[in-house]
Structure formats: C-alpha cells, structure tokens
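Work through the exercises below with the sequence and the 3D view at hand. Each task is followed by a solution in steps.

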Amino acid sequence: MNVSEYDLSGKVAFVTGAGRGIGKGIAQVLAEAGADVVINALTPRYVEGLAADLAKATGRRVVPLVADVTRPREGSARWGSWPSTWRLPRRTT
C-alpha cells in the first residue's frame with residue numbers, strides 16, 4: 001500500500017488490539033507511512049511475531065507491549081521502560 005501522502009516520519013503510534021484483525025492492519029499502515037509503532041495486546045501470542053515482521057518489512061521500530069492498558073498500574077509499569085528517544089509521555093497514575 002502506498003501511503004506517501006500520509007507521511008508519519010518522526011511520529012510514534014500506539015495501537016491497542018494490534019495482535020490481529022483491524023488493529024494489525026492499522027499498525028501495518030502506520031508503519032508503512034513512516035511511524036514507529038508500539039503494538040499492544042493482552043497476550044504475546046500474536047504481537048511479538050508481528051512486531052518483528054513489521055519492523056523487517058517497513059524498516060520502522062515496532063515494539064510489542066503486552067499489557068492491559070485499562071489497568072493504569074500495569075500499563076505504567078511497562079511504560080517506564082521505553083527509550084527516552086521515543087519522547088513518549090510518562091504517565092503518573
């Protein structure tokens with residue numbers, strides 16, 4: 001898919017439910033458009049392999065985040081380990 005009119009270079013996208021289906025498709029299009037992508041799911045079953053596949057296919061940073069983002073403490077605990085170069089906001093909850 002050619003998405004040159006939607007250049008997302010230098011941006012970071014966070015996609016929940018990215019293991020398969022619509023979330024997977026959204027993550028793929030965002031990476032193809034130049035965004036680095038954090039793909040989230042409740043289990044590692046699909047996102048770990050998907051992260052490697054998308055990174056290889058697009059040359060973008062694609063990182064799996066296995067966490068329940070509806071539970072602030074769980075998400076925050078994992079969020080704190082992200083590289084500062086991604087300039088992700090730090091949650092304080």
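**Exercise 1: Pairing of strand 2**

Strand 2 and strand 3 (residues 62-66) pair in the parallel sense over 5 bridges. Strands pair if DSSP finds at least two bridges between them; helices (H or I, at least four residues) and strands (E, at least two) are DSSP runs, numbered from the N terminus. This is a predicted model, in which local features need pLDDT of at least 70 and side-chain atom pairs count only at pLDDT 80 or more, while totals for chains, interfaces and linings use all residues. Residues are numbered from 1 along each chain as its sequence is written, and side-chain values use heavy atoms, with hydrogens and water left out.

Step 1. Right-handed means that, with the strands pointing away from the viewer, the path from the first strand over the helix to the second runs clockwise.

**Exercise 2: The other neighbour**

Task: state how many bridges join strand 1 to strand 2, and in which sense the two run.

Step 1. Strand 1 and strand 2 (residues 36-41) are joined by 4 bridges and run parallel.

Step 2. A13 is placed opposite V37 of strand 2.

Step 3. A right-handed β-α-β unit is made by strand 1, helix 1 (residues 21-32) and strand 2.

**Exercise 3: Which side chains are covered**

Task: work out where the side chains of strand 1 and strand 2 point, and which are buried.

Step 1. Buried means under 20% relative accessible area, exposed over 50%, and partly exposed in between (1.4 Å probe, protein chains only).

**Exercise 4: N40**

Task: explain why N40 counts as buried, and name some of its contacts.

Step 1. N40 belongs to strand 2.

Step 2. N40 counts as buried because its relative accessibility is 3%.

Step 3. Beyond neighbours within four places in sequence, N40 has contacts (heavy atoms within 4.5 Å) that include F14, T16, V47, L65 and V69.
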